[in-house]
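Subject: Model handover

Hello,

Here is the structure we talked about. My notes follow below it.

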Amino acid sequence: MVSSPRDQGCRRHGPLGDFPASCTPYGLLSARHLSADWKKWARRVAVQHPESTEGIRTAPRVTVILAARRVDCPASRRLLNALVGDPRFVLQQVFTGPESADLSGAPGWALRLERRAVAVPDRAGPPEWKAGRPDPVPLPADAAELAPCDVVLDLSGASPEGLADRATTGLWRLSVDDPADGAASGAVLRGETLLPCALVRLPAAGAEPRLVARAAFQPKLLLGRSLDFAREKSMQMILRELARLALTGAPADLGLAERPPRPPGGGSLPGYAARILGEASGRAARKLRHRLGGAPRPFSLRLGPGQIEDFDPARTVEAPNRNRHYRADPFLFEHDQALYCFFESYSYRDGLGHIAVGRIEDDGLTEIGPALTRPYHLSFPFIFRHAGEIFMMPETHQAGRIEIWRCTDFPTGWTLHATTLDGVGAADPVLLQHGADWWLFANLCNDSIGDLSSELHLFRIDGPDLTWIEPHPLNPVVIGSEVARGGGRVVEIGGRLLRPSQDNSGRSYGRGLNLMEIVALSPTSYEERRIRHLSADFLPGLIGCHHLDAAAGRVVIDVCRR
């Protein structure tokens, strides 16, 4: 039974609460909503966590150089709007730099033809950064004419290295914008599973380039769309590293940058064209199969013994799906000496998921029935106990907010308890109580394609009541299609914090699972490392596994078949 939120007076909290709006990932709020309360937040953090921060440094002054043809592209608008709207940064000057083609030769010709034939998606919003500012002017020939700044951000890919001497931290470049760097374009044309991007820094003219940050993204079907997607996602990487500079006073340094590979030649085009035709025909066949009543690539659950850090997936046993439904996103929960499994039950007939529940008996799952249904899609039923009560936070991305439900009659009675991030579509949210702090992990989207698998955002909260929420200053704390998307609850085992995450490399969703160990978690830091990877090759016919949970010596995963 579900109570109506209209009758409950549930706690609601939107993105304009008492946390610093300037810390929000751009996309939660438009630039006109951002307020200059960053220093107030920094002082509060310094008092509450003196071991974590020495305070916020001076806002870095940033000069941006763009190719003229990209001044109004979605990636540029996202970056410039955020730089103007966030008081941690000062957008000092914007120039147009030397023009250079993305690719030369036959690949360049194919890319230009593709861009003419396929429209570029654009959800970046209007160019709010232009309000009261002059239009960009061409980069002066003499570097001395540039005003001194902290960062020269060259997104034209062709500006002279002498500009590095005009900034205290040098000249920053993005590999996907460099016409001499063939890593991203080559990955797409060769059909590789990840598209690599790097943010490099030239400390001074003639110096060896240093690596500031790196990420890898899921390639899309077409080359142009893949490059545009990587550029737009990489703006979040740039903003995070500028935030780190504002926070610490120094840029990240991951060592010397690798020498980039040469751009691909025309020999890669036949294979690229064949993959486009093959994938397009495969998509058409799957749609036809669905219209004829077939279930396209269904997920199902598997149960087995063990713990998340060392279980053997080959020893799991399948819990068969019901007709015209698939099961995914399972969470285990102990209650009254019994073990229950809450999961997404997706109806092919309705095109919506609801939350169902079953009891684990021996090696099988006995389904009890629906636990929570709404007129919008539900999945990922993160269930937890706190202060003697049971709560569930399902994914409610389609509703455009995060919801927490309180149990009134276990396991099928729930009432809406609290909401947050109204107006934001968040995927796979989980809570973690660690020491005195509560943390909310969620995947958000800051691109025009709608990808929710490449950005992990972190928020400090007061607990399940969600009366206040504070974004982490280094959001997104994890960037990359192969590691960012949540794959289950964050758990503490033997003093170690472990976060299951999805491996979404390649062009299929949920290709595999990672187990990430969180090695730093504070109001001003976040770091994790991968300690385990599971591929969907432990049984014949599997093409994916993307969720994991464990309780009472039992493990449950979901898998996808061809």
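**Hairpins around strand 16**

Strands 15 and 16 form a hairpin with two residues between the strands, and Ala387 there takes a positive phi near 50 degrees. Strands, like helices, are DSSP runs numbered from the N terminus (E, at least two residues, for strands; H or I, at least four, for helices). This is a predicted model: local features need pLDDT of at least 70, side-chain atom pairs count only at pLDDT 80 or more, and totals for chains, interfaces and linings use all residues. Residues are numbered from 1 along each chain as its sequence is written, and side-chain values use heavy atoms, with hydrogens and water left out.

Strand 15 (residues 379-386) runs antiparallel to strand 16, joined by six bridges. Two strands pair if DSSP finds at least two bridges between them. Ile383 has Met392 of strand 16 as its bridge partner.

Strand 16 (residues 389-395) is mostly covered, with six of its seven residues buried (under 20% relative accessible area; exposed is over 50%, partly exposed in between; 1.4 Å probe, protein chains only).

On to strand 17 (residues 402-409): two bridges pair it with strand 16, again antiparallel. Phe391 stands opposite Arg406. Six residues lie between these two strands in their hairpin, and Gly400 in the turn has a positive phi of about 70 degrees.

The order 10-9-29-28 describes an open sheet with antiparallel pairing. Strand 10 (317-319) and strand 28 (542-551) are at the edges with a single partner strand each, so one side of each has no neighbour in the sheet. Strand 28 is joined to strand 29 (residues 554-561) by eight bridges. There, Ala550 stands opposite Val555.

Best wishes
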